[in-house]
Amino acid sequence: MKFRPLHDRVVVRRLTAEEKTSGGIIIPDTAKEKPMEGEVIAVGAGARNEQGAIVALDVKAGDKILFGKWSGTEVKIDGEELLIMKESDIMGVIA
C-alpha cells in the first residue's frame with residue numbers, strides 16, 4: 001500500500017464478522033452489522049502538543065483494535081475497502 005496517513009490518523013482494515021450465531025444460526029449478509037474490530041494497517045507520525053513537539057501514537061501497525069460503530073471514513077485504496085480514523089476514535093487495543 002502506498003498511503004501514509006498524516007498526524008494522528010490511523011488506517012484500519014475491518015475484521016470479518018461472524019457468519020453464525022453461537023446457536024448455529026447462519027446470519028445473511030443483509031442482516032449483518034459492520035464489525036467494530038479491525039487491524040491497524042498504517043499510522044501517522046503523531047499529533048503536536050502545545051509546545052509544538054510531536055507526540056507519538058499509542059497504536060502501531062498490526063494491532064487489533066476496537067472502535068466505535070460510526071467511527072472513521074470509508075475509503076478504497078488499491079481496491080481494498082479501509083477506514084481512516086483519528087486515534088481518539090479508537091476505544092482500545094485487543095490483547
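Colleague: Where does aspartate 63 sit?
Modeller: Aspartate 63 is in the loop between β4 (54-55) and β5 (64-67). Strands here are DSSP runs of E with at least two residues, helices are runs of H or I with at least four residues, and both are numbered from the N terminus. The model is a predicted one, in which local features need pLDDT of at least 70 and side-chain atom pairs count only at pLDDT 80 or more, while totals for chains, interfaces and linings use all residues. Residues are numbered from 1 along each chain as its sequence is written, and side-chain values use heavy atoms, with hydrogens and water left out.

Colleague: Is aspartate 63 buried or exposed?
Modeller: Aspartate 63 counts as buried, because its relative accessibility is 11%. Buried means under 20% relative accessible area, exposed means over 50%, and partly exposed lies in between (1.4 Å probe, protein chains only).

Colleague: What does the side chain of aspartate 63 reach?
Modeller: It reaches the backbone nitrogen of lysine 60 at 3.0 Å. Leaving aside residues up to four places away in sequence, aspartate 63 also touches Gly38, Glu39, Val40, Asp58 and Val93; contact means heavy atoms within 4.5 Å.

Colleague: Turning to the strands, how many bridges join β6 to β7?
Modeller: Five bridges join β6 (residues 73-77) to β7, and the two run antiparallel. Two strands pair if DSSP finds at least two bridges between them. Valine 75 stands opposite leucine 82 in β7, and lysine 76 stands opposite glutamate 81.

Colleague: What about the hairpin of β6 and β7, which residue takes a positive phi there?
Modeller: That is aspartate 78, with a phi near 55°, in a hairpin that has two residues between the strands.

Colleague: And which residues does threonine 73 touch?
Modeller: Threonine 73, in strand β6, touches Leu82, Leu83 and Ile84, not counting residues up to four places away in sequence.

Colleague: Which strand does β1 join?
Modeller: Strand β1 (residues 9-14) is joined by four bridges to β7 (residues 80-86), and these strands run antiparallel. Arginine 9 has lysine 86 as its bridge partner in β7.

Colleague: How many salt bridges does the count come to?
Modeller: The count comes to five salt bridges, each defined as a side-chain nitrogen of Lys or Arg within 4 Å of a carboxyl oxygen of Asp or Glu. One of them is between aspartate 8 and lysine 86, at 3.5 Å from N to O. That pair links distant parts of the chain, 78 residues apart: aspartate 8 is in the segment before β1 and lysine 86 in strand β7. Aspartate 8 counts as buried, because its relative accessibility is 17%, whereas lysine 86 is partly exposed at 34%.

Colleague: Which residue does arginine 13 meet in a salt bridge?
Modeller: Arginine 13 meets glutamate 80, at 2.4 Å from N to O. Arginine 13 lies in β1 and glutamate 80 in β7, so the pair ties together parts 67 residues apart in sequence.

Colleague: And arginine 14?
Modeller: Arginine 14 forms a salt bridge with glutamate 74, with the closest N and O atoms 3.6 Å apart. Arginine 14 is in β1 and glutamate 74 in β6, so this pair ties together parts 60 residues apart in sequence. Salt bridges that share partners also join Arg13, Glu39 and Glu80 into one network.

Conventions
A polar contact is a pair of N or O atoms within 3.5 Å; within protein, one must be able to donate a hydrogen and the other to accept it, and residues adjacent in sequence count only if both atoms are side-chain atoms.
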